[in-house]
Amino acid sequence: MSQPPGATTRTGDRPAPTAGPAVTPAVDPAWRPALSPGIMPRRDRVREADLLVLPERVVVLTGRAADIVRLCDGRREVAAIVGELADRFPGAPVPDEVPAFLARLREQGWLR
């Protein structure tokens, strides 16, 4: 199973292999993403890393992935998440990359 950019799966300290880029379906801007049941965000203070704890594995969030996931509370629509991140990170390709990232997390089953 391939991982979204910004996320790597770890079993112990070995990163899981990742596949090349995949075609991502369009995302409804009115979708209100939230973490799927059984998936918990955590902060590993020892490694200074943001994690998603899934059944039987851990996903390390890299780059700005944790900033995106923190906004997935089931109340904000994708359009609001994109707007907030665009305000925080002017000049970043937020409108193009964030919906695609969220779609990949949904494909993995990590968002509902």
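Tutor: Helix 3 supplies the largest share of the lining of the largest pocket, six residues. This is a predicted model, in which local features need pLDDT of at least 70 and side-chain atom pairs count only at pLDDT 80 or more, while totals for chains, interfaces and linings use all residues. Residues are numbered from 1 along each chain as its sequence is written, and side-chain values use heavy atoms, with hydrogens and water left out.

Student: Which residues are the closest to the centre of the largest pocket?
Tutor: About 310 Å³ of space lies in this pocket. Of its 18 lining residues, Arg 64, Ile 68, Glu 97, Val 98 and Phe 101 are the closest to its centre. Helix 1 (65–70) and helix 3 (94–108) each supply at least two lining residues.

Student: What makes the charged end of Arg 106 count as sitting over the ring of Trp 31?
Tutor: The rule asks for NZ of Lys or CZ of Arg within 6 Å of the ring centre and within 35 degrees of the ring normal. The charged end of Arg 106 is 3.7 Å from the centre of the Trp 31 ring and sits over it.

Student: Why are strand 3 and strand 4 called paired?
Tutor: Two strands pair if DSSP finds at least two bridges between them; five bridges join strand 3 (residues 40–44) to strand 4 (residues 49–54), so the two strands pair. They run antiparallel, and Arg 42 stands opposite Leu 51 in strand 4. The two strands form a hairpin with four residues between them, and Glu 48 in the turn has a positive phi of about 50°.

How values were computed: 1 Å grid on protein atoms, 1.4 Å probe; cavity = no way out; pocket = protein on both sides within 12 Å on 5 of 7 lines; lining within 4 Å. Points joined across faces, edges and corners; volume = space filled by probe spheres on them.
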